[in-house]
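Have the model open as you read.

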Amino acid sequence: MYQTLIHKYSSEYDETWRQEKPAHQQIDRFTPYGRTPQSRRISTAVPTTRGRRKNVHTRTKSRSDSSSEAEDLKGFTNVTWRVYKLSPLYKFSSAPKDLKRYGQLLSSCVEAANQKGLFVENNVSGKALFCVQEGLKKTADDPDAIQILVKGKKGLGTVDTVILTATLCGVEMEGDLLVPDVKGHFTYYPVLLVKSTVAMTDVLITWLMRHFDCKISPLVFPPVYMAWMIAMWSGALANTNRKNKPVELVYQVPSECEGIKKITYTIEAADCLRVWNSIHDSKSDMFTEEEMSTFISSLEEHFYSLFRVKLNAMQLSCVGTSLCYIGRDGILKIYSAEHVSCILRHLTELSMEHFSLTRGRKSTVTDRVVGTKGREVCVLYNSKLEWTYPVSYLRYIVMEI
Amino acid sequence: MGFIADVLKSCFSRLKVADLEQLIRQWGYLNNDELSQLDFSKSKLCVFRDVLSFCEDKKRHKEALRKVNDLDLMCTVKNSTKKKWTMYKLQDKKSGSKENWYSDPEKFKRKLQQQVDLYFDSAASVSVTLQDGALWCRLYLPSGNHFMTANAVYLIHYPNSHCFAISAFKVSVQNFLFQCLSNLFGYHTLTSMNLSGLQYKSLFQLAFNKLGETSFGKLSDVQSLPFISRRKRKAEEIEREPNLRSEDVAMKRHRSLSLEAAFGEYQQPVLESLRFKVEAKFMGKKNIENFQDNGEPFRCCVKFEGPSVLDGVRNLASCGLANEPLPKHLLRVNSLGTNNFVLKSKEKS
């Protein structure tokens, strides 16, 4: 069916066809069959924000940071999470009986993986539980956050311990990216947080992808994202009664420079706040890209004056503030229970930006299908292999054309 | 025998399979018959069980315990980079004390054992060996009946030098431990040099550059000390490849000459980290219009980390990631003999 669509568009494309088609259905065709360029610019799926004014919320909209809510979300703090982004889940339900059924299915999957010997510690027996996580549904558009626990005995232990903790959530999702026609079939969770071993995490992700026909991949944070987070959260003091953690920037030194791998630049929270307040009006909720750039460049300039080392020629690999610690490869550690929603809201926004980007290419998806691989479809965009869309999601995209 | 088994297990877990046979033979506790019965092609666990059974068969508990302690020390000598070493210098010689410089490991061990018996439990044990001109010591200061690796303290000392390297130790034993060493060396004060790392030879080289002398004389008279590295650094690619052409030869040559003047032509001592604690005026306000300068310093901490940070600092300049001239606090690490610095703005008088 998809090959037919490809032929349809490619054979019928000419100026006449283009003029006949309504404007919203016209495809700006880019042919990959030109001359091989002598140089390439490496493009990423990250929206470039240079030169454009971007407003980012510094405070949560709903302002319901009550102490009871912070108590509910305390389990998110002081734990190292791996962050993933997801495509919409097909036929997912948060009804209690469905959650119970998912738990049974995942338990049997864990047991099967254990018998195959996938776990380093032998005899990891696990019972999976799915339940609704309270405190993360802020708006009507947000889906019910789901917590997944796998409990079991490790090795020769006799006591049950939690082997895996995961949370599916979307916090303060602005607008609904799913059109009403397909909303009944799909549930969109932008963010998955997982704390477990690599093997167990793989089992969970594989099960979710197979069972709900979705695509899950790590949510990586390029340096520009981390610069935003530093600018947003270094000004937020977690608890004024306690001494705040210093702001930490970890730069990765390029591999051509042998001998040094990384440079860690740690700044006292109060001094960092002083610089930030000189740049940003504290009364304003929003701040701009210019403010973020000025903030980072002034810190790097101070470093240069001390050591004559150009930090702007290196890439940020990890950043830490009083609120959280974030690594480029999708590592997250939250320190403040009161700001869990704020941080998850930002992660939701980043994940949804990725989703919007890929959805924005929907008009070229049909003539970029390069092959199928089991239940997935490989898509070529701008000479680069992008997301492999599950079949069900591709059906959803095609329905919109 | 449970204690001996724990010590042996700790040794075997640290050793590589390739080094196991050589070290067991070098150990000298097992006779030729027993050595011939060991099958080193099997797993470490099998060899461990065989060695343990030989130790138990000997039925001389004290000697077996002493010998496994020696093996533990040999393992540490073999894998010295697995421990983090901290340098201390000896100051304020005690009046009336003779120069307690021992190069004989047995004498050193007897003296150290006497001091340890004064301050610690009689179960505390001492092992000493001589390796590459340095005295290596292992002190086991027990707390409880079971063996714990945290109770073992290792020490390296070059005879006739005013410094030593020590591995991590519990804070609870610091006072008594330092009292032992103070009596042993005949000095009142043991001061931390704020110098630590994994490569003990580089640490001694840096400490020596700072202290500058031994009982034999000044630094310039003792260039042939075993820990002084005299290897020239690897040539840059542009120097190695005659077919490579650079577009800005003059600039690169100028940079290369200035770096050679600053760092020398030899390899730098190996340091894994360089830490700076800075309290200076904020210097990044070029693009900030209304900076709230209340006169307070801008406090930050900078850490350079890598396999060889001093070489890395040099390479930062040669790669163009740093501009010359580099500041003095980066250039003078070699002579200052520390890898933890505090930088403060000069106060206006």
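Rings of Phe, Tyr and Trp (its six-membered ring) pair if their centres lie within 6.5 Å; planes under 30 degrees apart count as stacked, over 60 as edge-to-face and the rest as tilted. This is a predicted model, in which local features need pLDDT of at least 70 and side-chain atom pairs count only at pLDDT 80 or more, while totals for chains, interfaces and linings use all residues. Residues are numbered from 1 along each chain as its sequence is written, chains are lettered from A and ligands numbered from 1 in the order in which they are written, and side-chain values use heavy atoms, leaving out hydrogens and water.

Q: How many aromatic pairs does the structure hold over all chains?
A: Two rings are described by the distance of their centres and the angle of their planes. Over all chains, the number of aromatic pairs is 34.

Q: Which kind of pair do Trp207(A) and Phe212(A) form?
A: The ring centres of Trp207(A) and Phe212(A) are 5.7 Å apart. Their planes stand at 90 degrees, and the kind of pair is edge-to-face.

Q: Is Phe212(A) buried or exposed?
A: Buried means under 20% relative accessible area, exposed over 50%, and partly exposed in between (1.4 Å probe, protein chains only). Phe212(A) has 1% relative accessibility, so it counts as buried.

Q: How many residues apart in sequence are the parts that Tyr158(B) and Phe204(B) tie together?
A: The ring centres of Tyr158(B) and Phe204(B) are 4.8 Å apart with planes at 80 degrees, so this pair is edge-to-face. Helices (H or I, at least four residues) and strands (E, at least two) are DSSP runs, numbered from the N terminus. Tyr158(B) lies in the loop between strand S4 (152–157) and strand S5 (163–166) of chain B, and Phe204(B) in helix H8 (residues 200–211) of chain B, so the separation in residues is 46.

Q: What is the distance between the closest N and O atoms of Arg14(B) and Asp72(B)?
A: A salt bridge is a side-chain nitrogen of Lys or Arg within 4 Å of a carboxyl oxygen of Asp or Glu. Arg14(B) and Asp72(B) form one, and the distance between their closest N and O atoms is 2.1 Å.

Q: Which helix of chain B holds Asp72(B)?
A: The pair links distant parts of the chain, 58 residues apart. Arg14(B) is in helix H1 (residues 2–14), and Asp72(B) is in helix H5 (residues 61–78).

Q: Why are Asp271(A) and Arg274(A) separated by about one helical turn?
A: Asp271(A) forms a salt bridge with Arg274(A), with the closest N and O atoms 3.4 Å apart. Both residues are buried. They are separated by about one turn because they are 3 residues apart in helix H8 (residues 269–279) of chain A.

Q: What is the relative accessibility of Arg25(B)?
A: Arg25(B) forms a salt bridge with Glu21(B), the closest N and O atoms being 3.0 Å apart. Arg25(B) counts as partly exposed because its relative accessibility is 44%.

Q: What is the relative accessible area of Lys346(B)?
A: Lys346(B) lies in the segment after strand S11 (340–344) of chain B. This lysine is exposed, and the relative accessible area of Lys346(B) is 81%.
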